[in-house]
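Visitor: I would like to learn how to read the features of a protein model, one at a time. Could we go through them together with the structure in view?

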Amino acid sequence: MYRIGEGFDLHRLEAGRRLRIGCVDVPAPFGSVAHSDGDVLAHAIVDALLGAIGEGDIGRHFSPDDPKWKGADSRVFLSEAARRVAARGGRIANIDSTVILEAPRLAPHVPSMRAELASALGCEPTAVSVKAKSAEGVGTVGEGAAVEARAVVLVWLPEPR
Ligand code: MG
């Protein structure tokens, strides 16, 4: 049977931080405020995967209060979410996602993001879609104070016996 999962994440942006999106370091004078590497797209995808298999959310598995995850590479979270899908005998059919950031333009980085995310998840880059938009100057994201990501995944799971 196919199961759908939805994920959302938002991080505040601050000068002098690292801007890591979709397992790619994006050159910018600011980056995500976060306990881990602040990869908003990876976090949205992890939440979508965990949601699809009914196993909670990223905070339940990787608590932001746990010093173990300080500065953690979000590839670890992606790999663990994919491992949980595989442990159920499932596989990722496809992932669609959107990152909303006012600047810089992410389009040049999208092919690398797809490749890096797919590698962390153990699936084909063609199964991972990444779209980038700006917020047209509207709201917190439009003012450049935050970055946002949304993800939808389709997971195939064997029928429960
Ligand atoms: Mg996050």
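Visitor: Is Asp25 buried, partly exposed or exposed?

Guide: Please keep in mind throughout that this is a predicted model. A residue counts as buried under 20% relative accessible area and as exposed over 50%, with partly exposed in between. Asp25 has a relative accessibility of 41%, so Asp25 counts as partly exposed.

Visitor: Which side chain does Asp25 meet in a salt bridge?

Guide: Side chains of opposite charge can pair when their charged atoms come close. Here the side chain of Asp25 meets that of Arg20, with 3.3 Å from N to O. Arg20 counts as buried, because its relative accessibility is 8%. Both residues also belong to a network of salt bridges that links Arg18, Arg20, Asp25, Asp37 and Asp73.

Visitor: How many salt bridges are found in the whole structure?

Guide: The search finds 13, and two further examples show how the position in the chain can be read. Glu80 forms a salt bridge with Arg83, and their closest N and O atoms are 2.9 Å apart. These two residues both lie in helix H3, three residues apart, which is about one turn of the helix. Arg83 is partly exposed, with a relative accessible area of 45%. In the other example, Lys131 forms a salt bridge with Asp96, where the closest N and O atoms are 2.9 Å apart. Lys131 lies in strand S6 and Asp96 in strand S5, so this pair ties together parts that are 35 residues apart in sequence. Lys131 counts as partly exposed at 35% relative accessibility, and Asp96 counts as partly exposed at 31%.

Visitor: Which residues are the protein donors of the magnesium ion?

Guide: The donors of the magnesium ion are Asp9 through OD, His11 through NE2 and His43 through ND1, lying 2.1 to 2.2 Å from the ion. Their spacing in sequence is D-x1-H-x31-H. His11 in strand S1 and His43 in helix H1 are 32 residues apart, and this pair links distant parts of the chain. His11 counts as buried, with 10% relative accessibility, and His43 counts as buried with 6%.

Visitor: Why is the pair of Phe62 and Trp69 called edge-to-face?

Guide: For two rings, we read the distance between the centres and then the angle between the planes. The structure holds three aromatic pairs. In the pair of Phe62 and Trp69, the centres are 5.0 Å apart and the planes stand at 85°, so the pair is edge-to-face. Trp69 also pairs edge-to-face with Phe77, at 5.5 Å centre to centre and 75° between the planes. Phe62 and Trp69 are both buried, and Phe77 counts as buried at 3% relative accessibility.

Visitor: What volume does the largest pocket have?

Guide: Rolling a probe the size of a water molecule over the atoms shows where empty space is left. The largest pocket has a volume of about 220 Å³. It is lined by 15 residues, of which Ser36, His43, Ile58, Phe62 and Pro64 are the closest to its centre. Strand S1, helix H1 and helix H2 each supply at least two residues of this lining, and S1 gives the most, with three. By class, the lining of the largest pocket has seven nonpolar, six polar and two charged residues.

Key. Residues numbered from 1 in each chain as written. Predicted model: local features only at pLDDT ≥ 70, side-chain atom pairs only at ≥ 80, totals over all residues. Heavy atoms only, no water. Phe/Tyr/Trp six-rings, centres within 6.5 Å; stacked < 30°, edge-to-face > 60°. Buried < 20%, exposed > 50% of the residue type's maximum accessible area, 1.4 Å probe, protein only. 1 Å grid on protein atoms, 1.4 Å probe; cavity = no way out; pocket = protein on both sides within 12 Å on 5 of 7 lines; lining within 4 Å. Points joined across faces, edges and corners; volume = space filled by probe spheres on them. Helix = DSSP H or I, 4+ residues; strand = E, 2+ residues; numbered from the N terminus. Nonpolar A, V, L, I, M, F, W, Y, C, P; charged D, E, K, R; others polar. Donors = N, O, S within 2.8 Å, 3.2 Å for Na, K, Ca; no water. Salt bridge = Lys/Arg side-chain N within 4 Å of Asp/Glu carboxyl O.
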